[in-house]
Amino acid sequence: MIKEARLTINLDSLAHNYKTLKSKLNPETTLIAVVKANGYGNDGVRIAQELSKLGATYFAVAYASEGNILRKSGIKDSLMVFYPQEAQLEQIIEHQLEPVLYNLEISNAFISLLKEKNIENYPVHIKCNTGLNRIGFSLENLDSFLRKSNGPLLDIKSVYSHLGFSENPKPCALTKKQFYTFELIKSRVRELCPSLPKFHVLNSSGVFNYPEHQLDAVRTGIALYGFANNPEWNKTLKPIAKLSAPICQIHFIKKGESVGYNKGWIASKESRIGIIPLGHADGIGRQYGNGVGKVRVLGQTVPIIGNVCMDMLMIDLTSIDCPTGTEAIIFDQNFTASDFTAAANTISYEILTSLSPRIQRVYV
Ligand SMILES: *Cc1c(COP(=O)(O)O)cnc(C)c1O
């Protein structure tokens, strides 16, 4: 019997994943632990604290607000901010975060701020675009930036790029091209940056698929949480989170009666349905309604029926004899977040990072 919806986070599994990743790295390669989006929905602060105990010394988040939360919780390690926005640059300095400079505009804004505050040698990272075409300096812009701005204001800690296809089977022409472009960037940086920054390109899938490209550091997120985007590699990791909730009410429905908003489901025979206290406000989106998503009750798989509501969803319990309070499992270590999301054509990343803060986090 469980009494409310909860996300049970297994800290031994987190340690297992961390150690598995470390075992793929040379001793001198830094593991940058990515704890953006509240630690991929788990709990950024707790995850960072645990990883810190395990030996992690470098962390990354996406936006400054996430870094502020970690700083306020007492995390003192180096904290990289992948996508700082202009309005966040003050906070970045205030909380001693390390911004990633990804184009001339954000770099110039940051340099002006450092000048204004009379700060020198501020740790930053540089992001280069090698083919993902999302964010980052082109080789040409990087060149002119380094020639102009490589003064005493910035301490360029690292220069990196991000792969667009790292989970694809090898050989992958596009990935090869990205590595090649990054080599050009490396030689340009070596020429223009006497401080010799560190270089990195790999995310989680990259560590599994291209360990020979680990360079000075890797930036791993999803693998810490137990997923590697490939069935073989997934076996070496343990999903750390289990999402479950009690069945909080059971109804008997006559043939022809409907369930939920807009008569989302109509009973084709006499049925028993269970109500689960999780809805789209908790991250179980409407795409999981109408039989797409499946949950497990007493070892059996049953469909989510009708439209997912904001705070609740309904399941068909006709085939299972169970009382209220019985646990319904959305995903766990056996039927994983990746399995649950596959039915709705999406990925573990999405559901994990959408889990609302109102879901109780429990640590085991
Ligand atoms: C999120 C992110 C990562 C981590 O990716 P995973 O696939 O979760 O390992 C690495 N680098 C950058 C730039 C990111 O935005």
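Mentor: Start with strand β14, residues 271-276, where six of the six residues are buried. Buried means under 20% relative accessible area, exposed means over 50%, and partly exposed lies in between, with a 1.4 Å probe and protein chains only. Strands are DSSP runs of E with at least two residues, helices are runs of H or I with at least four, and both are numbered from the N terminus. This is a predicted model: local features need pLDDT of at least 70, side-chain atom pairs count only at pLDDT 80 or more, and totals for chains, interfaces and linings use all residues. Residues are numbered from 1 along each chain as its sequence is written, and side-chain values use heavy atoms, with hydrogens and water left out.

Now look at the directions. S271, I273 and I275 point one way from β14. R272, G274 and I276 point the other way. Both sets are buried.

Next, the neighbours. Two strands pair if DSSP finds at least two bridges between them. β14 pairs with strand β11, residues 249-253, in the antiparallel sense over five bridges. There, H251 stands opposite I273. β14 also pairs with strand β17, residues 313-316, again antiparallel, over four bridges. In that pairing, I276 has L313 as its bridge partner.

Compare strand β2, residues 30-34. Four of its five residues are buried, so β2 is largely enclosed by the rest of the structure. Its pairings are parallel: four bridges join β2 to strand β9, residues 217-220. The partner of I32 in β3 is Y58.

Then take two helices. The axes of α7 (residues 139-149) and α8 (residues 173-192) come within 10 Å and cross at roughly 10°. Axes are lines fitted to C-alpha atoms, for helices over the stretch in contact, and angles run from 0 to 180 degrees between N-to-C directions. Angles under 35 degrees count as roughly parallel, over 145 as roughly antiparallel, 65 to 115 as roughly perpendicular and the rest as oblique. α7 and α8 are therefore roughly parallel to each other. Contact means heavy atoms within 4.5 Å. Among the residues making it are L139 and L142 of α7 and L184 and I185 of α8.

Last, the cysteines. The whole structure has zero disulfides, a disulfide being a pair of cysteine sulfur atoms within 2.5 Å. For C193, the nearest cysteine sulfur, that of C128, is 10 Å away. C193 counts as buried, at 0% relative accessibility.
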